[in-house]
There are 2 protein chains.
Amino acid sequence: MAVIQRTSQGIDQREIGRQQVFEAIRKSGRIARIDIARETQVSPATVTAITAELLTAGLIEEISPDSDRPGAKRGRPRVALKVRGDAHLIAGMKISDRSATVILVDFEGNTVGEYDHELPGPVMSPEEMVSLVRRALDGACRAAGRRLADISGVGLGLAGLIDAARNFVHWSPSLDQRNVELGLMLSDALPVPFFMDNDANLVAKAEQLFGQARNVSDFIVITIEQGVGMGIVIDSKIYRGERGCGAEFGHTKVQLDGALCRCGQRGCLEAYVGDYALLREANIRGSAQPEDDLSALHARAKAGDAMARSIFDRAGRMFAMGLANVINIFDPSLVILSGEQMTFDFLYSEEVLNRVKASVVQVDAPLPEIRVHKWGDLMWAKGAAACGMEGVSELTIRSLATNAA
Amino acid sequence: MAVIQRTSQGIDQREIGRQQVFEAIRKSGRIARIDIARETQVSPATVTAITAELLTAGLIEEISPDSDRPGAKRGRPRVALKVRGDAHLIAGMKISDRSATVILVDFEGNTVGEYDHELPGPVMSPEEMVSLVRRALDGACRAAGRRLADISGVGLGLAGLIDAARNFVHWSPSLDQRNVELGLMLSDALPVPFFMDNDANLVAKAEQLFGQARNVSDFIVITIEQGVGMGIVIDSKIYRGERGCGAEFGHTKVQLDGALCRCGQRGCLEAYVGDYALLREANIRGSAQPEDDLSALHARAKAGDAMARSIFDRAGRMFAMGLANVINIFDPSLVILSGEQMTFDFLYSEEVLNRVKASVVQVDAPLPEIRVHKWGDLMWAKGAAACGMEGVSELTIRSLATNAA
């Protein structure tokens with residue numbers, strides 16, 4: 001096998017080449033060797049050597065040349081390469097306040113099965129979450145006629161501040177404790193590698209792979225559920241910041257010494273637009289029957305109730321201000337407002353979007369495009385599966401390097 | 001000469017290699033060929049070919065091996081390479097509201113001369129600015145005993161919204177017009193290439209090259225002058241956003257429907273912390289002798305005048321809120337508060353910095369470091385010179401590619 005050259009930073013150049021080549025194949029769907037060399041700037045000889053390794057390892061396969069594709073050149077047909085779907089079975093799981101949604105996909109990303117596991121309550125202990133993850137995976141496998149041992153990796157999405165590199169939870173609204181080594185606990189309990197991330201980052205990944213941001217290298221996703229989340233993609237990569245949990249949006253401040261937030265600080269955006277913030281406003285009169293149904297409040301606003309309208313109007317204005325700030329700082333080409341909560345339209349009404357545009361610095365160039373994308377938990381789970389696919393690819397390719405050394 | 005391979009994106013791989021190799025040499029000061037190969041991941045054979053080209057072009061030179069450096073291996077001494085200082089003379093110029101400051105440097109960045117040209121007023125027409133730039137360059141050359149024809153490139157820094165890729169001014173407080181093709185006007189008037197950028201980006205570059213951010217790949221610089229500016233560095237590169245003028249800070253909103261800003265919008269940070277904003281507050285009583293001296297106002301605050309203190313206190317609180325938002329969004333490892341205006345300490349007092357820290361999302365990880373760095377116009381001009389050096393390097397190396405093709 002080829003000589004492994006370790007650089008001064010301890011990075012294995014051949015491994016970087018393998019990751020680049022595999023990523024080029026996965027991204028393109030099907031691609032010829034010479035086009036891989038062009039795209040990755042890896043030399044054609046090295047591409048040939050690496051693809052031979054990947055073929056031997058069963059991660060990719062050759063497919064017969066598509067001779068009838070438009071614009072195909074005459075002469076010797078070029079063999080294309082693609083990811084081998086059977087190489088690995090991957091699970092993606094999103095835990096929300098109501099359910100754990102699981103999707104099983106093959107290594108090409110084709111759906112193999114779906115499963116939804118209802119939760120007894122929105123907050124649990126770390127031990128309860130481990131048990132929940134096991135039951136949800138068992139259920140998904142049973143429904144798809146597969147075994148847990150068939151799964152090569154699990155992508156797991158949680159709301160909150162997640163350090164993806166360490167599978168560590170700084171804080172999550174789903175957990176009753178802070179600073180949880182959830183990744184270690186899951187690895188102890190289940191014989192499968194886990195790859196965790198903040199749920200908004202998973203949505204960003206899903207938008208990039210199968211959503212509204214295909215072929216967009218720089219964009220922002222704002223997710224709207226109980227709270228508001230943000231995923232930032234720069235140069236096609238999730239931006240994580242120094243402490244691994246950057247891209248905070250819900251706790252940016254929109255009012256000096258403003259409304260009290262669940263996080264203990266004042267004036268956070270979430271303290272004006274989160275579910276609890278809207279209901280807190282609605283309960284201002286301290287009635288014997290406290291308002292606890294956001295849908296009902298929303299319906300009253302739609303029907304013209306002045307107080308209900310005032311609540312949603314202010315939330316919309318604060319949201320517009322926060323979003324305009326993010327756009328001023330990042331100047332992205334595309335902003336996607338994404339999530340389930342989008343069924344409440346007060347945060348993406350024409351009026352709110354116009355306010356955002358009016359609050360962005362005006363230059364002689366088009367404003368960023370703002371797209372609204374409503375989807376359910378299944379798409380969040382798809383993002384988690386994409387995270388699992390990436391993690392398993394990296395692990396497998398690293399093991400090639402270890403075997404070769 | 002080597003075959004030039006054009007990729008599908010039309011990028012010249014050999015030129016990318018040349019830029020990487022030259023950048024590695026410039027960054028390290030002095031470096032052996034084998035270490036260039038390690039750092040750039042360009043093959044040793046290609047490094048040898050490229051350095052031969054750069055030597056022939058006179059951009060770099062060999063220096064005698066430093067045999068007494070600590071840890072030097074025995075055996076054949078390795079020849080090191082460095083940038084050839086005499087290869088190019090570069091000018092850096094910063095235009096502020098009071099002066100045009102020029103620094104002349106050689107291609108290694110060593111100072112050759114300095115010059116300060118006072119302005120008749122802070123705002124001028126584009127034609128007046130072109131004439132100013134010519135006079136300032138002439139003065140700098142005369143003072144250093146050089147001719148304008150000796151200069152290979154000029155880095156030029158302006159406050160405002162600058163599209164660096166196009167040398168285009170969307171808006172600058174120094175100009176009486178918007179959307180000015182200043183780069184084209186300067187090229188028509190002066191026989192030397194110009195490389196323009198927003199002044200805050202130039203400070204970020206200067207901090208990276210010779211300031212507080214050496215060896216830091218991700219950091220934020222906040223500049224405080226008449227207004228507040230921001231430069232963002234991600235992966236060692238200035239982050240510019242989609243429209244080329246991203247990283248806006250002064251016009252992020254800190255108050256819904258707040259104080260009127262010079263930009264015409266409401267609630268911008270600058271409408272609370274800018275010079276004009278502080279003086280507007282001080283003139284609330286509409287006295288016959290309007291307050292127009294910020295230093296005097298500041299001295300009164302220091303002496304305990306309640307109204308003056310209230311003005312600076314609010315500015316500090318608003319600034320802390322805006323800065324905490326940027327930190328929440330980016331999670332950088334380092335924030336540098338930089339600039340001349342820093343002589344007024346109300347924006348970087350212990351109290352303000354503590355407010356920033358208390359407003360950042362709290363996780364079980366250290367908060368970003370916030371450093372205060374006071375410097376004068378000369379350091380801004382140094383950043384402009386660094387911008388000019390980069391531009392001239394790219395132009396020269398591109399011309400090698402054209403000659404080779």
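What covers the buried residues of helix 4 of chain A? The cover includes strand 4 (89-95), strand 5 (99-106) and strand 6 (111-118) of chain A. It also includes strand 7 (151-158), helix 5 (182-189) and strand 10 (194-198) of that chain. Keep in mind that this is a predicted model.

Now the helix itself. Helix 4 of chain A runs over residues 126-144, which is 19 residues. From first C-alpha to last it reaches 27 Å, close to the 27 Å expected at 1.5 Å a residue.

Which residues of helix 4 are buried? Among them are A:Pro126, A:Met129, A:Val130 and A:Val133. Further along, A:Ala136, A:Leu137, A:Ala140 and A:Cys141 are buried too. A general point on spacing: an α-helix has 3.6 residues a turn, so residues three or four places apart point the same way. Just after helix 4 of chain A comes A:Gly145, with a positive phi of about 70°.

Next, A:Leu175. It sits in the loop between strand 9 (168-171) and helix 5 of chain A. Buried or exposed? A:Leu175 is buried, because its relative accessible area is 6%, and the cut-off for buried is under 20%. Beyond its neighbours within four places in sequence, A:Leu175 is in contact with residues including A:Pro126 and A:Met129. Both of those are among the buried residues of helix 4. A:Val123, A:Val169 and A:Val180 are also contacts of A:Leu175.

Last, the two chains. A rotation of 180°, with 0.0 Å of shift along its axis, superposes chain B on chain A, at an RMSD of 0.0 Å. The two copies are therefore related as by a two-fold rotation axis. The same surface serves both: 98% of the contact residues of chain B recur in chain A.

Note on methods: Residues numbered from 1 in each chain as written. Chains lettered and ligands numbered in written order. Predicted model: local features only at pLDDT ≥ 70, side-chain atom pairs only at ≥ 80, totals over all residues. Heavy atoms only, no water. Helix = DSSP H or I, 4+ residues; strand = E, 2+ residues; numbered from the N terminus. Expected span 1.5 Å × (residues − 1). Buried < 20%, exposed > 50% of the residue type's maximum accessible area, 1.4 Å probe, protein only. Contact = heavy atoms within 4.5 Å. Least-squares fit on C-alpha atoms with pLDDT ≥ 70 in both.
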